[in-house]
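Please look over the sequence and the model below, and then read the report that follows, which takes up a few local features one after another.

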Amino acid sequence: MVKKELLVSPDLYDLEKPIAGIEEIEKYNPQRFEMEQLTAIVYENKDDVACVGYKDLTDGEFWVRGHIPGNPILPGVIICEAAAQLASYCSGKFAITEGVMMGFAGLDEVKFRGLIRPGDRLVIQAKMLKMRKFLITAQFMALVGDDIVAEGIVKGFPLTKELLEGSAR
């Protein structure tokens, strides 16, 4: 079996030496509490507009009790949310758009290739493909150990402060 090339070589980052923790991530991503799907960032490259982060999964995750009782498996939608949060962090960190945050715009070509359980470290790689004023497109890969467990394309649009304040009505 031919091994697929990763977006970012693991030789370029050290999972034991984060460069940004949750406090830094929160500067760019507004998600809090159960919706925070990144634990740390371990790689940033402004030239390639790429980032790598991870989420350490515990028995205390909100989905463990109900997906699947007695045999918890990380829902695919949460993998996609983690990828979207990483892409949003990357776009915010590198000031790609004028938005205060990225809104979810869609997914393409998503494939799930393995099971992810509490105790696993989900590593996500994201690399921007297209950066336009109204749409950001990023490729992502999710790994557990050396195995690609999910991949696809996530799309986001910049949410301005005015748009966010208008939607609060």
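## The loop between α1 and β1

F33 lies in the loop between α1 (22-28) and β1 (40-45), where helices (H or I, at least four residues) and strands (E, at least two) are DSSP runs, numbered from the N terminus. The phi of F33 is near 55 degrees, which is a positive value in a residue other than glycine. Most residues other than glycine have a negative phi, and most peptide bonds are trans. F33 is exposed, with a relative accessible area of 71%; here buried means under 20% relative accessible area, exposed means over 50%, and partly exposed is in between, with a 1.4 Å probe and protein chains only. This is a predicted model, in which local features need pLDDT of at least 70, side-chain atom pairs count only at pLDDT 80 or more, and totals for chains, interfaces and linings use all residues. Residues are numbered from 1 along each chain as its sequence is written, and side-chain values use heavy atoms, with hydrogens and water left out.

E36 belongs to the loop between α1 and β1 as well. E36 is buried yet has no salt bridge, and the nearest side chain of opposite charge, that of R32, is 4.5 Å away. A salt bridge is a side-chain nitrogen of Lys or Arg within 4 Å of a carboxyl oxygen of Asp or Glu, while for charge Lys and Arg count as positive and Asp and Glu as negative, with His and the chain ends not counted. Leaving aside residues up to four places away in sequence, E36 touches I22, E26, Q31, K55 and Q85, contact meaning heavy atoms within 4.5 Å.

## Other backbone features

V49 is found in the loop between β1 and β2, and its phi, near 50 degrees, is a positive value in a residue other than glycine. At 10% relative accessibility, V49 counts as buried.

The loop between β2 (50-56) and α2 holds I68, and the peptide bond from H67 to I68 is cis, with omega near 10 degrees.

## Helix α2 and the cysteines

Helix α2 (residues 76-93) has 18 residues and reaches 26 Å from its first C-alpha to its last, close to the 26 Å expected at 1.5 Å a residue; the expected span is 1.5 Å times one less than the number of residues. Of the 18 residues of α2, 14 are buried, so the helix is largely enclosed by the rest of the structure. Just after α2, A95 takes a positive phi of about 50 degrees.

C90 is buried, with a relative accessible area of 0%, and C51 also counts as buried at 0% relative accessibility. How many disulfides are there? The count comes to zero, where a disulfide is a pair of cysteine sulfur atoms within 2.5 Å.

## Strand β5 and its partners

Strand β5 (residues 136-144) is mostly covered, since eight of its nine residues are buried. Strand β4 (residues 121-131) and β5 pair in the antiparallel sense over eight bridges, two strands being paired if DSSP finds at least two bridges between them. The bridge partner of M128 in β5 is A138, and β4 and β5 form a hairpin with four residues between them.

Nine bridges join β5 to strand β6 (residues 147-159), and these two strands run antiparallel. M141 stands opposite E151 in β6. The hairpin of β5 and β6 has two residues between the strands, and G145 in the turn has a positive phi of about 65 degrees.
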